[in-house]
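Hi everyone, thanks for coming.

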Amino acid sequence: MAYPFREIEPKWQQYWADNNVYFTDDDFSKPKYFILDMFPYPSGAGLHIGHPEGYTATDIMARYKRSKGYNVLHPMGFDAFGLPTERYSMKHNIHPTIATKNNIDNFKRQLNSIGFCYDWQREINTTDPQYYKWTQWMFLLIYNSWYDENLQKARPIDELPIPSNIKDPIDIEKYKDEYRLAYTAMIPVNWCEELGTVLANEEVEEWKSKGYKVERKPMRQYMIKITKYGDRLLKDLDLVEWPTSTRDMQVNWIGKSTGAELSFKTESGANIVVFTTRPDTIFGATYLVLGPEHPLAINLTTPDNIDAVKQYISSALEKSELERQDTAKEKTGIFTGSYAINPANDNKIPIWIADYVLGHYGTGAIMAVPGHDERDHQFATKFNLPIIQVVRPKDKADIDIQTTPFIEKSGYGCNSSNDEISINEIPTNEAITKMINWFTNKGIGKAKIQFKLRDWLFSRQRYWGEPIPIIYFEDGTKRAMDLDELPLILPEISDFKPAGTGESPLANVESWVKFYDNKSRKIGKIETNTMPQWAGSCWYYLRYIDPNNNDFFVNKDKEKYWMGNNGVDLYVGGAEHAVLHLLYARFWHKVLYDYGYVSTIEPFKKLFHQGLILGADGNKMSKSLGNVVNPDDVINEYGADSLRLYEMFLGPLEQVKPWQTNNIIGVFNFLNRAWRLVVDDNGNKSDKLDENIVLSSELDYVLNYTIKKVGEDIESLSFNTAIAQMMIFVNEFTKLEHKPKSAIEKFVILLSLFAPHIGEELWHKLGHNTSIVFEQYPDYDKSKAEKNTIEFIVQVASKIRGKLIVNKGLNQEEVEKLAFDEESVQRHLEGKQIKKIIFVKDKLINFIV
């Protein structure tokens with residue numbers, strides 16, 4: 001009888017739900033294991049076949065750790081705020097709350113149909129006011145903090161030392177605003193008029209590809225000083241077990257650089273401040289470049305060039321930062337008509353504007369040294385600007401600096417001297433120090449540590465996001481709401497269109513925006529920007545620990561238990577979140593750590609990225625390509641257990657793999673063979689199962705080795721090889737007419753970790769009344785998990801003439817005696833003299849004749 005998955009799978013899913021089989025309690029006496037999935041954004045399209053890959057991996061690990069005696073926390077929730085849902089609601093005239101509920105209901109149905117062991121009593125939803133109450137509270141914690149550089153931690157803004165000459169309350173508040181970790185500023189942003197919102201750099205290409213126009217535009221935005229944590233975010237990467245590629249991406253994104261900041265005076269008297277990691281090359285600076293956003297870009301442009309410069313700046317600001325930083329694209333730029341003075345040699349050098357310089361990075365201006373920087377060299381070559389060599393290689397080799405820049409940081413200074421200083425023939429590192437000291441003594445510069453990391457743009461001009469709980473009063477003052485006033489709940493509205501003023505749709509809801517403040521007894525206006533989608537996902541793992549706590553975001557004892565010394569023990573998700581989500585969450589966690597609200601420095605101890613599952617055509621799955629596979633269809637045809645096994649059997653978890661539906665038949669057949677180990681053709685327990693069978697040494701090895709290997713492979717997330725070993729077990733035990741019941745029971749426990757529905761059914765067929773979920777992982781005999789016999793090769797004149805099945809560890813003399821007894825060996829040695837014997841222990845013996 002074939003495995004009747006259509007009957008069995010819904011039955012056990014209902015049983016697990018009705019009996020709270022996956023309930024996780026807070027039993028502090030047990031060792032804990034916290035397994036986390038990057039929780040999904042519940043789109044209307046539902047899951048595609050790529051989603052269950054990571055979820056299946058963590059599900060297997062959760063079941064395994066539970067069977068090993070751990071108290072396992074393996075929750076699921078939904079990251080449900082964001083622009084896609086808002087746009088969907090506008091298009092289909094449905095409230096985002098309803099759209100979100102429908103999408104979540106569909107996602108949960110699909111997740112349950114695959115048999116995942118989530119404790120749904122711990123479910124979270126970032127759009128639930130009882131959840132975003134604490135997101136708002138945490139934002140206000142950041143807002144009401146400043147960063148103490150001496151203590152290297154956040155402190156309450158009320159503890160900020162105020163200069164004695166600042167007395168007026170309004171001036172005191174302005175002073176505090178300069179130091180707050182969350183602040184407002186007019187900055188250039190990616191503005192989409194049709195969407196009516198600011199887009200993150202990472203969102204620009206997506207929406208441009210959909211036909212939306214995005215422009216750079218200065219707007220008032222909330223910003224968060226994540227930059228204050230740059231050093232800690234960098235240093236603490238040493239505390240985590242992450243893929244090297246992800247660590248490197250974070251290191252590069254943070255981009256710590258050590259160098260100097262110095263001033264170039266212009267002919268008009270203005271100062272242009274630049275940052276450089278190579279102050280030793282200043283004698284080779286032949287021009288300056290300003291970013292299009294630089295405040296002096298227009299002011300320094302001469303009247304003859306003003307029209308062309310304005311046109312260039314306008315065009316540059318329409319490009320995304322990713323486009324502007326594309327190293328493969330041809331360099332563009334425009335001359336301002338003005339000059340600056342190189343303070344090292346008093347040369348007059350031209351000032352250009354180019355889009356490859358970003359206004360928010362560093363000072364928004366660079367000194368260009370084309371002889372020793374590839375980007376500057378490309379620019380200088382295109383615009384026929386001077387290229388001077390000021391660093392030579394160690395070996396004094398001649399190089400054509402006009403053709404190729406010398407960019408190594410291990411040379412010696414040349415052509416670098418004036419009446420006050422010379423760094424000629426000085427090694428690069430010493431030359432850097434010497435030039436920084438010279439800058440400092442002359443008052444034109446100083447040593448500086450610079451980060452590529454920039455402050456976090458935290459505002460969005462949309463409805464479907466967490467409201468920012470700050471009130472602005474008519475007298476120019478403002479107030480952050482207190483905890484007893486939270487959550488500040490979104491108003492119920494039917495029109496989600498942008499306000500048309502650069503503000504969010506909330507600006508149109510006068511009854512919500514206009515606010516009488518009972519605490520100050522003043523009339524105010526509530527902030528109409530909302531938070532980005534990142535906000536709710538920064539701390540969701542903590543809410544899983546204590547999801548129904550109305551008094552605080554997490555109970556301290558529960559947090560200490562579940563986060564322990566490691567934080568989240570295993571975090572699995574896509575590599576596309578390698579930088580921003582992980583960086584923002586790490587920052588958010590560190591602020592909470594500074595205040596003692598969490599017990600670990602880092603939130604995620606071990607991180608693993610599953611590889612993409614591609615469509616059958618080898619392309620990434622997408623509706624437009626028509627290569628999306630719906631897991632519902634696979635489950636209907638082959639069952640959830642087949643889907644789970646196939647996704648894990650495709651190859652190593654971290655690799656990119658194409659989906660081939662036709663190949664799933666292999667694991668489907670394996671499950672049917674496993675079924676027939678226990679069940680007869682009538683669907684009853686087989687009468688071929690026997691409790692009294694003694695296993696042969698070979699089958700004893702297969703059983704013990706399978707238990708050993710499956711456990712080790714799960715620990716290393718090598719699920720494909722674990723499944724392969726279970727297939728070997730089934731093949732070997734299927735050969736027996738009478739099956740050893742004890743061995744089959746142990747195998748069913750292993751199988752249930754990967755295929756829980758058939759595992760549960762077989763367990764009950766075997767006569768058990770409790771769920772297999774609560775069974776311990778089987779023990780194995782180490783001595784029986786290794787083969788005691790081996791295949792030994794016998795060669796004559798280096799050609800194989802026989803094979804021996806012998807015990808491991810035999811010496812040469814013992815093997816010789818056995819080899820001489822082999823008829824085929826005797827025949828090839830007959831009439832020949834043995835000149836030499838080559839013996840390799842436990843592998844081969846070779847008679848050289």
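Let's begin with a charge and a ring. This is a predicted model, and in it the charged end of Lys 225 sits over the ring of Tyr 183, 5.4 Å from the ring's centre. There is another such case: Lys 348 lies over the face of Tyr 339, with 4.7 Å to the ring centre.

Now for rings that meet other rings. How do we describe such a pair? We give the distance of the centres and the angle of the planes. How many aromatic pairs are there here? The count comes to 62.

Let me show you one of them. Trp 352 and Phe 379 are edge-to-face, 5.5 Å centre to centre, with 90° between the planes. Trp 352 belongs to strand S14, residues 348-353, while Phe 379 belongs to helix H13, residues 374-383, so this pair ties together parts that are 27 residues apart in sequence. Are these two buried or exposed? Trp 352 has a relative accessible area of 10%, under the 20% cut-off, so this residue is buried. Phe 379 is buried too, at 0%.

Next, please find Tyr 540 and Tyr 541. They also form an edge-to-face pair, at 6.3 Å centre to centre and 80° between the planes. Tyr 540 is buried, with 0% relative accessibility, and Tyr 541 is likewise buried at 0%.

Finally, a group of rings. One aromatic cluster includes Phe 139, Tyr 143, Tyr 147, Trp 456, Trp 534 and Trp 588. Tyr 222, Tyr 229 and Phe 587 are also among the members of that cluster.

Methods. Residues are numbered from 1 along each chain as its sequence is written. This is a predicted model: local features need pLDDT of at least 70, side-chain atom pairs count only at pLDDT 80 or more; totals for chains, interfaces and linings use all residues. Side-chain values use heavy atoms; hydrogens and water are left out. Rings of Phe, Tyr and Trp (its six-membered ring) pair if their centres lie within 6.5 Å; planes under 30 degrees apart count as stacked, over 60 as edge-to-face and the rest as tilted. Helices (H or I, at least four residues) and strands (E, at least two) are DSSP runs, numbered from the N terminus. Buried means under 20% relative accessible area, exposed over 50%, partly exposed in between (1.4 Å probe, protein chains only). A charge sits over a ring if NZ of Lys or CZ of Arg is within 6 Å of the ring centre and within 35 degrees of the ring normal.
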